[in-house]
Amino acid sequence: MDWLALLLSFKLAALTMLVLLPCGLWAGRALAWRRFRGKYLVEAALALPLVLPPTVLGFYLLVAMGGASPVGQWYQSLFSHPLAFSFEGLLIASLIFNLPFAIQPMQRAFESIAPEVREAAMCCGMSRWRQFTRIELPLAWPGVVSALVLTFAHTLGEFGVVLMVGGSIPGETRTIAISIYDRTQAFDTTAAGLMSAVLLMISLLSISLSYRLMRRIEPYPA
Amino acid sequence: MNKPPSTSSAMLHATLQQTGPIPLAAEIACRQGELLALVGPSGSGKSTVLRSIAGLYAPQHGRIVCNGETWLDTAAGLQLSTARRRIGMVFQNYALFPHLGALENILEGMDDPTTPDARKRAQALLRKVHLDGLAARRPAQLSGGQQQRVAVARALARDPHVLLLDEPFSAVDRATREKLYVELAELRRDLKMPVILVTHDLDEAAMLADRMTILSRGRTLQTGSPLVVRRRPVSAEVARLIGLKNLFTGEVIAHQASSGHTLIGWHGQRLKVRLQPDFTPGTGINWTLPAADVLLMPLDHDSRDPLDNPLSGRIVKIVALGETVHIQVQANATGDARLSLNVSHHIARRYALAEGQQLTLRLRGEHIHLMPADDNPRKVTVRAR
């Protein structure tokens, strides 16, 4: 059992969740209620990580973060170590491939709030912040929690993108999914089996919780 | 008493114009403590007018002033957000906050819901709408009528400067509705602000409103007390909208000021009607007569009014609807024109009324109302300001 890898995976998943929470709330809410030209293109772009092979996404991220790219050079000049094959690089990749998992459930949750209920909140003279905290968030929370759980579980399990962008540096980029692969390659089936079982349990728990929560959201109009 | 309020004394005054997507040419005014009903068929723009007042809809051009405060003035580029307009709104489906109890719903309508004073006021409001004891119930655990009461209490919670009611009775059954009518009428005695009620139900408007404004295709056509609008619609269009059956065309023959009547021609018949000297003799007109003022001749034959017009015809249709019998009579000399009248079942039986039967009617000229002919409508102007 590679505890360091499990810890790193948890750290990556938690940070991804934390950063995507405000982004997801903002984007989910905007996509649920605003109308603008090319909305479907934005939605399609955000859903892209669902269908794109992880190696393709990883390849582009690697190119974007590499020493030859402006982003990579800028990062190197700022922190004097490369972005690719670092934990920070891994976090950025994780944020991007988790976008659909964070945004879509939140968008569904905000879409389920009846427009009149939001209008009623305005008619009650509530400030925007109070509308958000007292009405919108309490009504959308199952979707929000579901999004976070899915993001967490998905980060733990991501393999392809991590391998492309992070490699397998112990304590820096070797996540549990990578570690399982390494152990299997080394014919250490006991360790690989144990870690697989842990991931299976976490994934099963989180996906069940997510499904249970999403049942609370009745689509509008009901 | 039913004179329209002048712009300056009106507590709420709104003029709205736009060409599309929903055309608007509306002007409404409502005084303190007055209930103004906006009446029109679906798609007439009445809800849009209400939503514009609430700031939930932004018309192309308009000006809305409430309690001396300008909420909208497109000419000056001024538009207050909904939250900054002191309104109380009751939505058609009440739009209660589904995750909060009745009391909490009312509290959310207040400016500072966390104070103990707010809680006390919310409880008082709950009592006022007869819901004490149901404070913790969520909307889903309340009946339609109870939900409406919570919605009304929530709308009143912030002491609004105008109370806006958007079809508040359409989502409940008839028995509940009748109860809620009475409650609103009682509640109104304590309300100091203007109240605007949107409804498609003319009877509801007539029952509850001090004045009503008739809308069609975004235009306000006529404002007046329910009685005046029903008796004296300004145009054939209004007459049709409020469902007047006896609407005919004719022409003015002469005014006889000395005997207090105007003489009109109708398919060669001459009818004596209440003196209405605004119409030049020789011009075409529309005229209307309430079904209640078309009488069966034999009744109190002796007490004939000098303005009664006898007319013979043939019954072409008899339909019993509830407690009344609706009768259509085709007058002998007037082509296809059919007069409608309503009688009670026992009258219909006593005179053995039947289809095909000849009879003489009496049209009460006192209540015959003249309107400009359709092709020459008197301009209903809505001034842009």
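In the predicted model, B:Arg188 lies in helix α5 of chain B, which covers residues 174-188. B:Arg188 has 15 other C-beta atoms within 10 Å and is therefore classed as partly exposed, since that class falls between the limits of 12 or fewer for exposed and 20 or more for buried. When neighbours within four places in sequence are left aside, B:Leu35 and B:Val195 are in contact with B:Arg188. B:Glu34 is 154 residues away from B:Arg188 along the chain, yet the C-alpha atoms of these two residues are separated by 8.8 Å.

The other chain, chain A, contains 11 helices and zero strands. Its pattern along the sequence accordingly reads α-α-α-α-α-α-α-α-α-α-α. The C-alpha trace of chain A spans about 65 × 40 × 30 Å along its principal axes. Chain A has 222 residues, of which 42% count as buried. Among its contacts between residues at least 6 apart in sequence, 77% join residues at least 24 apart.

The contact between the two chains draws 15 residues from chain A and 16 residues from chain B. On the chain A side, the elements that give two or more residues are α7 (115-123) and α8 (128-157). Of the elements on this side, α7(A) gives the most, with six residues. By residue type, the side of chain A that touches chain B comprises 10 nonpolar, two polar and three charged residues.

Methods:
Residues numbered from 1 in each chain as written. Chains lettered and ligands numbered in written order. Predicted model: local features only at pLDDT ≥ 70, side-chain atom pairs only at ≥ 80, totals over all residues. Contact = placed C-beta atoms within 7 Å. Helix = DSSP H or I, 4+ residues; strand = E, 2+ residues; numbered from the N terminus. Nonpolar A, V, L, I, M, F, W, Y, C, P; charged D, E, K, R; others polar.
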